[in-house]
Amino acid sequence: FIITKNSQLNAKNMKRRSTEDNSSFAKKQKIAQQRKSLPIASVEKRILEEVKMNDTLIIVGETGSGKTTQLPQFLFNGGFCRDGRVIGITQPRRVAAVTVAKRVAEECDVELGQKVGYSVRFDDMTSSSTRIKYMTDGLLLREALLDPFLSRYSVIIVDEAHERTVHTDVLLGLLKNVQKARSISTCKESILEGRKKANNSAALKKEINAQCHILLKPCQGSKLSPLKLIIMSASLDARGFSEYFGGAKAVHIQGRQHPVDIFYTHHVEQDYIDAALITILQIHLEEGSGDMLVFLTGQDDIESLQRLIQERVRQLPEGSQKLLIVPIFSSLPSEIQMKVFKPAPHGFRKVILATNIAETSITIPGIKYVIDPGLVKTRSYDPCTRMESLKIVPTSKAQALQRSGRAGREGAGKCFRLYQESEFAKLADSATPEIKRLNLSNVILQLKALGVDDITEFDLMEKLSMRAIEKSLEELILLGALTADKKLSNPVGHQMARFPLEPIYSKALIVASEFNCLEEMLITVAMLLVDSMFYAPREKWEEARDKWKCFSHVEGDHLTLVNVYRASAESLEKSRLAGSKEKTAETILRKWCKENFINYSSLRHARDIHSQIQGHVEQMGLRISSCGDDMLQFRRCLTASFFLKVALKQPDGSYRTFDSSQVVQIHPTSVFFRTKKPECVVFNELIRTERNYIRDITRIDPAWIPELAPQYCSTQS
Ligand code: ADP
Ligand code: MG
């Protein structure tokens with residue numbers, strides 16, 4: 001009897017295993033087939049040869065041709081990871097680094113974090129066995145602080161270079177130096193050998209070191225192999241990159257693009273969310289099968305459109321095909337991000353609501369219809385007023401073309417531009433590189449920490465405005481990161497450079513340890529780094545407002561955010577104590593968020609960030625303590641770090657920024673929007689829409705400013 005039972009069990013197990021084997025075999029086969037059909041597959045040999053022959057290579061290829069996922073695998077198979085060396089691929093966006101790494105791990109049939117991994121700010125999935133490493137461009141810059149020669153890497157691929165993020169631009173300059181230094185350091189030994197005979201090695205050493213900024217210490221005897229550099233771009237204009245790298249060779253990969261019909265609106269659309277909603281429904285009811293991709297400006301837009309669609313879908317006729325809405329944006333938990341690649345179940349049409357992440361960084365299969373409102377959210381900075389702002393602006397022509405191209409990857413497609421045809425001609429050809437429109441403080445601080453003392457002498461693709469540089473230097477001096485003669489200060493400047501944060505946040509954390517409120521400040525910074533913590537469907541607005549009232553703090557939004565964070569942590573703790581073992585932390589947190597109208601993905605992202613910066617703070621030996629109920633300490637600490645972002649109330653109820661005398665209003669999400677307005681506040685962000693709004697605000701006493709930021713007040717008088 002027993003034997004029979006066992007054998008039955010075994011038979012069952014074997015059956016299960018063999019179906020698993022079959023399905024995983026089928027999956028592997030499908031992946032192999034997909035890989036083989038990519039345009040890049042036919043030129044593998046040629047590309048490998050080019051990389052071997054050229055130290056710097058530029059690869060230009062249509063989006064979706066397989067550059068990001070395939071090239072690192074070609075290089076791995078071509079022997080570029082021998083002796084434990086690593087291939088690094090940088091991406092401007094964290095979502096791309098994470099999703100692509102997951103895909104490549106799957107293609108290689110390995111566990112993520114082993115041979116293939118990723119590392120982005122606040123999330124590291126690599127190990128000592130990682131050989132293909134996807135990361136953000138900002139992260140590689142930070143690695144250079146610890147390892148100036150980037151000695152672990154045999155090849156660095158700077159992907160999506162056409163995006164021209166600040167980090168990409170600085171990285172290109174830095175890599176040029178590292179490449180020079182590594183080719184020098186390899187031949188140095190032999191040259192030194194030769195010169196030793198001529199008894200002139202000191203002069204030679206000096207000569208070599210003078211050539212590159214980053215040779216911090218002459219690394220005699222270091223046997224670093226030369227660094228291979230590959231710049232990848234989706235835009236066809238490789239000339240700029242080639243010139244910058246001394247006439248580097250450019251290789252073009254032929255893509256396959258099917259025709260895409262472009263449609264424009266007849267009139268100006270006042271509300272692009274509403275226009276997008278109508279277009280989605282129209283396509284769904286009138287056009288043939290195929291998924292839709294909608295480009296939106298950010299998490300807020302995506303979530304409100306998602307709710308609107310869900311409301312309207314209920315009214316669709318019975319029996320018609322259903323819509324599956326899939327959002328993708330950067331602060332979404334990564335397992336949810338991956339959903340975007342899954343084919344829609346039978347009977348469903350997939351509608352992807354994406355930020356410009358889906359323009360070139362990631363390619364989602366199955367798209368036939370693209371809806372493009374023609375807008376993008378960008379950060380810009382005005383050095384004169386020292387104000388950074390978030391603005392929604394028209395895309396460039398290049399972006400519009402990239403977006404429409406997404407509809408024609410697998411067959412003929414359609415793109416619906418939600419603006420008039422006459423508007424297209426008015427668009428700029430391409431977007432201004434970030435380095436020309438962002439605050440340079442962070443970049444300057446990082447370069448200083450890397451030993452580049454004078455940014456004007458650093459070789460960048462763009463010439464920077466002297467005014468912007470001066471203003472950023474001034475800001476760094478005011479924050480105490482630099483001394484009056486513009487040297488990295490000790491220890492504050494060095495500590496600030498080590499944080500993966502904007503200087504103002506790093507400053508707040510460092511100061512908080514002196515004000516005994518680092519515990520609160522860690523939470524605050526983590527919460528400020530993510531978007532839209534509060535959210536409610538329109539019909540539940542009243543109920544939500546009552547819930548939020550429980551979190552609101554009389555002193556302002558920073559402490560309100562701290563309350564939200566703590567309340568969520570308490571609910572987790574309570575259910576743990578109550579012994580609800582069967583529930584995972586995720587389910588508990590989700591439930592709590594739903595009950596309290598808090599955005600789960602934002603909160604979860606903030607929790608991740610919190611644990612990461614806490615790690616940095618601990619490593620630095622900063623003292624983490626809480627100010628308890630003494631919120632005065634916390635507000636004084638905010639004043640000591642955010643003094644460049646102070647606003648004073650005007651007789652008419654509006655505010656005027658102290659630093660640049662701009663008229664601003666309190667954002668509707670602030671706890672002060674409806675209550676009595678304080679005389680003086682610090683704020684986190686200025687948003688320009690039809691009016692100037694300040695967001696995340698806390699009440700302070702103006703008398704504290706001369707006491708807590710004397711260096712600033714002396715420059716103001
Ligand atoms: P490129 O970098 O040239 O734009 P990629 O290497 O990113 O191209 O993409 C190559 C192919 O891999 C595309 O067809 C894309 O759809 C597919 N792909 C990428 N990531 C995934 C994923 N996570 N799941 C399924 N397919 C994917
Ligand atoms: Mg790519």
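In the predicted model, ligand 1 is surrounded by 16 residues, and the closest of these are Lys 67, Thr 68, Thr 69, Arg 103 and Phe 341. Two elements, α3 (67-77) and α4 (94-108), each give two or more residues to this shell, and the largest share, amounting to four residues, is supplied by α3. Sorted by class, the shell around ligand 1 consists of ten polar, four nonpolar and two charged residues.

The chain that holds this site comprises 26 helices and 21 strands. Its radius of gyration is 27 Å, which agrees with the value near 27 Å that a compact globule of 717 residues would have. Taken along the principal axes, the box filled by the C-alpha atoms is roughly 90 × 75 × 75 Å.

In soluble globular proteins, nonpolar side chains tend to be buried together. In this model, the largest nonpolar core contains 169 residues, and those with the most contacts inside it are Ala 101, Val 294, Ile 328, Ile 352, Ala 354 and Leu 509. For Val 294, once neighbours within four places in sequence are left aside, the contacts are Ala 276, Ile 280, Val 351, Ile 352, Leu 353, Ala 354 and Ile 371. Two of these partners, Ile 352 and Ala 354, are themselves listed among the core residues with the most contacts.

A further region of interest comprises helix α17 (492-498) and the loop that connects α16 (466-478) to it, in which Ala 481 is found. Ala 481 counts as buried because 26 C-beta neighbours lie inside 10 Å, where 20 or more are required. Apart from residues within four places in sequence, Ala 481 is in contact with Leu 445, Leu 476, Ser 489, Val 492, Gly 493, Met 496 and Pro 503.

Within helix α17 itself lies Gln 495, which counts as buried because it has 20 C-beta neighbours inside 10 Å and the criterion is 20 or more. Beyond residues up to four places away in sequence, Gln 495 touches Ile 510 and Met 620, whereas the C-alpha atom of Gly 298, 197 residues apart along the chain, is separated from that of Gln 495 by 32 Å.

Most residues other than glycine have a negative phi, and most peptide bonds are trans. Against this background, Phe 122, in the loop between β3 (116-120) and β4 (123-125), has a positive phi near 70 degrees. Phe 122 is partly exposed, since 18 other C-beta atoms lie within 10 Å. A positive phi, of about 55 degrees, is likewise found at Asn 516, which is not a glycine; this residue lies in the loop between α18 (503-514) and α19 (518-528). With 18 C-beta neighbours inside 10 Å, Asn 516 also counts as partly exposed.

Definitions and conventions
Residues numbered from 1 in each chain as written. Chains lettered and ligands numbered in written order. Predicted model: local features only at pLDDT ≥ 70, side-chain atom pairs only at ≥ 80, totals over all residues. Near = placed C-beta within 6 Å. Nonpolar A, V, L, I, M, F, W, Y, C, P; charged D, E, K, R; others polar. Buried ≥ 20, exposed ≤ 12 C-beta atoms within 10 Å, placed from the backbone. Contact = placed C-beta atoms within 7 Å. Core = buried A, V, L, I, M, F, W, Y, C linked by C-beta atoms within 7 Å. Rg over C-alpha atoms; globule rule 2.2 N^0.38 Å.
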